[in-house]
Amino acid sequence: MKFAVLVNEGPYTHQASDTAYHFVHAALGQGHEVTRVFFYHDGVNNGTRLTTPPQDDRNVVERWSELAGEHDLDLVVCVAAAQRRGIVDADEQKRNGKDGNNLAEGFRISGLGQLIEAGIQADRLVSFGD
Amino acid sequence: MGAILHTVNKSPFEKNSLQTCLRMSLPGSSILLIEDGVYAALAGGDAAAGLAAAMQDRSVAVLGPDLRARGIAEDRIMDGIEIVDYDGFVRLAAASAKVQSWM
């Protein structure tokens, strides 16, 4: 079965990103396909590689990146939400004349159409947030 | 159209997400309490009566890892509520026609 997942909450805010991660992990473990994880609103903050949590805490961002690497996951960050919150990749850095970028490995920045497409193409769209 | 899986991630002491879910969900659907939503599953709690009424025609489950994260022992959960893990969450989602998140 094809799952798509929507994450509307940032890391270390409450629990949505953790629950979404465990859900995706379990779905992949059962042999399901996860066609896309879309990060929207404060959820885009899951995509900054500059996060440095304490060593004895989970690294929410790195965990997503690793899962993406292992399973070829499509982690998509909403461009408008990202611009508002300072989540930037090399293209956006150039386009907006910024002095750096911070998008983590395995994530890409794209538009809201990617969420609509994910909802249409997947058998289930599961939302996590506050 | 098959039944819907409803997830509730807010404590009934914080928000009325569960109340809304109970009002809107149809007979035959499933309700899964996750994150702070697990507090609703406490036997003798304020949400118990509403959940018990819903269990007449809907199935109710609670996410075990979120119970444990909050120090809630399984024997404090209302009778009739199934305790599932993340694999169970995925199975419920796959078995339902769609998933509605009440936040």
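**A predicted two-chain model**

Student: How many helices and strands make up the secondary structure of chain B?
Tutor: This is a predicted model, in which local features need pLDDT of at least 70 and side-chain atom pairs count only at pLDDT 80 or more, while totals for chains, interfaces and linings use all residues. Residues are numbered from 1 along each chain as its sequence is written, and chains are lettered from A and ligands numbered from 1 in the order in which they are written. With elements taken as DSSP runs numbered from the N terminus (helices H or I, at least four residues; strands E, at least two), chain B comes to four helices and five strands.

Student: In what order do the elements of chain B run from the N terminus?
Tutor: Chain B holds four helices and five strands. From the N terminus on, these are arranged as β-α-β-α-β-α-β-α-β.

Student: What is the radius of gyration of chain B, and why is the chain called as compact as a globular protein of its length?
Tutor: The C-alpha trace spans about 35 × 25 × 25 Å along its principal axes. The globule rule is 2.2 Å times the number of residues to the power 0.38, and the radius is taken over C-alpha atoms. For 103 residues the rule gives 13 Å, and chain B is as compact as a globular protein of that length because its radius of gyration is close to this, at 12 Å.

Student: Is B:Asp79 buried or exposed?
Tutor: B:Asp79 sits in the loop between helix 3 (64-69) and strand 4 (82-84) of chain B, and its C-alpha atom is 8.9 Å from that of B:Ala52, 27 residues apart along the chain. The count is of other C-beta atoms, placed from the backbone, within 10 Å: 20 or more is buried, 12 or fewer exposed, and anything in between partly exposed. B:Asp79 has 7 C-beta neighbours inside 10 Å, so this residue counts as exposed.

Student: What share of the 130 residues of chain A counts as buried?
Tutor: In chain B, buried residues make up 43% of the 103 residues. For the 130 residues of chain A the value is 44%.

Student: Which pattern does chain A follow along the sequence?
Tutor: Chain A has five helices and five strands. Its C-alpha atoms fill a box of roughly 40 × 35 × 30 Å along the principal axes. Read along the sequence, the pattern is β-α-β-α-β-α-α-β-α-β.

Student: Which strands of chain A stand at the edges of the sheet?
Tutor: Two strands pair if DSSP finds at least two bridges between them. Five strands of chain A form an open sheet with parallel pairing, in the order 4-3-2-1-5. One side of each edge strand is left without a neighbour in the sheet because each has a single partner strand; these are strand 4 (107-110) and strand 5.

Student: Which residue is the bridge partner of A:Phe38 in strand 3 of chain A?
Tutor: Strand 2 (residues 33-39) and strand 3 (residues 75-78) of chain A run parallel and are joined by three bridges. In strand 3, the partner of A:Phe38 is A:Val76.

Student: Which element supplies the largest share of the side of chain A that touches chain B?
Tutor: Residues are in contact if their C-beta atoms, placed from the backbone, lie within 7 Å. The contact takes 15 residues from chain A and twelve residues from chain B. On the side of chain A, helix 1 (16-29) and strand 5 (124-128) each supply at least two residues. The largest share, five residues, comes from helix 1 of chain A.

Notes:
Contact = placed C-beta atoms within 7 Å.
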